[in-house]
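Student: Could you take me through one part of this protein up close? I'd like to know what meets what there, and how we decide.

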Amino acid sequence: SRTYERESSIEAEEETEEDKERLKTQDYISGWNSYLQEKYGKKLPGELINPRDFLISTRLSAEYIMDFKDFKNILTKYYKFRKIPADKLNKSIDKFFTEKIKVRNS
């Protein structure tokens, strides 16, 4: 069992792509909103984030810099908090990362 423990600690140290991308909260919000509008048009008004409400609810500053994995985590919790069914958005969140965030920063 000792080797298993050592292997898992090595895995934990590896950075994923989502850990490397670091943006300001406001950039994630505006990027996510424009991605949703581009993808779904006016069909998802509830899923669009009100930046002010998001910042107040999460107590984050607009200038706060975080990695994508954290943003994704906070975003899904925010949707739960606001009682917005975000299940269908989980794939979109990953696509948003692949299509917009990763491309822009690489």
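Tutor: Let's start with Phe68 and Phe96, which are both buried. Buried means under 20% relative accessible area, exposed means over 50%, and partly exposed is in between, using a 1.4 Å probe and protein chains only. Keep in mind that this is a predicted model, where local features need pLDDT of at least 70 and side-chain atom pairs count only at pLDDT 80 or more, while totals for chains, interfaces and linings use all residues. Residues are numbered from 1 along each chain as its sequence is written, and side-chain values use heavy atoms, leaving out hydrogens and water.

Now for the rings. Rings of Phe, Tyr and Trp (its six-membered ring) pair if their centres lie within 6.5 Å; planes under 30 degrees apart are stacked, over 60 edge-to-face, and the rest tilted. By this rule there are 11 aromatic pairs. Take Phe54 and Phe71: their ring centres are 6.2 Å apart and their planes sit at 55°, so the pair is tilted. Phe54 belongs to helix 4 (residues 51–58) and Phe71 to helix 5, so this pair ties together parts that are 17 residues apart in sequence. Helices here are DSSP runs (H or I, at least four residues), strands are runs of E (at least two), and both are numbered from the N terminus. Phe54 and Phe71 are both buried.

Back to Phe68 and Phe96: with ring centres 6.0 Å apart and planes at 50°, that pair is tilted, too. Phe68 in helix 5 and Phe96 in helix 6 (residues 89–105) are 28 residues apart, so to speak a link between distant parts of the chain. Zoom out a bit, and ring pairs join Tyr28, Trp32, Tyr35, Phe54, Phe68, Phe71, Tyr78, Tyr79, Phe96 and Phe97 into a cluster.

What about the helices themselves? Two packed helices are described by the angle between their axes and the distance between the axes. Axes are lines fitted to C-alpha atoms, for helices over the stretch in contact, with angles running from 0 to 180 degrees between N-to-C directions. Helix 3 (residues 25–40) and helix 5 (residues 68–81) pack at about 65°, their axes 12 Å apart. That makes helix 3 roughly perpendicular to helix 5; the cut-offs are under 35 degrees for roughly parallel, over 145 for roughly antiparallel, 65 to 115 for roughly perpendicular, and oblique for the rest. Tyr28, Ile29, Trp32 and Leu36 of helix 3 make the contact with Phe68, Phe71, Leu75 and Tyr79 of helix 5, where contact means heavy atoms within 4.5 Å. Those residues split into 8 nonpolar, no polar and no charged. Nonpolar covers Ala, Val, Leu, Ile, Met, Phe, Trp, Tyr, Cys and Pro; charged covers Asp, Glu, Lys and Arg; the others, Gly among them, are polar.

Helix 4 crosses helix 5 as well, at roughly 100°, with the axes coming within 11 Å. So helix 4 is also roughly perpendicular to helix 5. Here Asp53, Phe54, Ser57 and Thr58 in helix 4 meet Phe71, Ile74, Leu75, Tyr78 and Phe81 in helix 5. This contact has 6 nonpolar, 2 polar and 1 charged.

At 75% relative accessibility, Lys83 counts as exposed.
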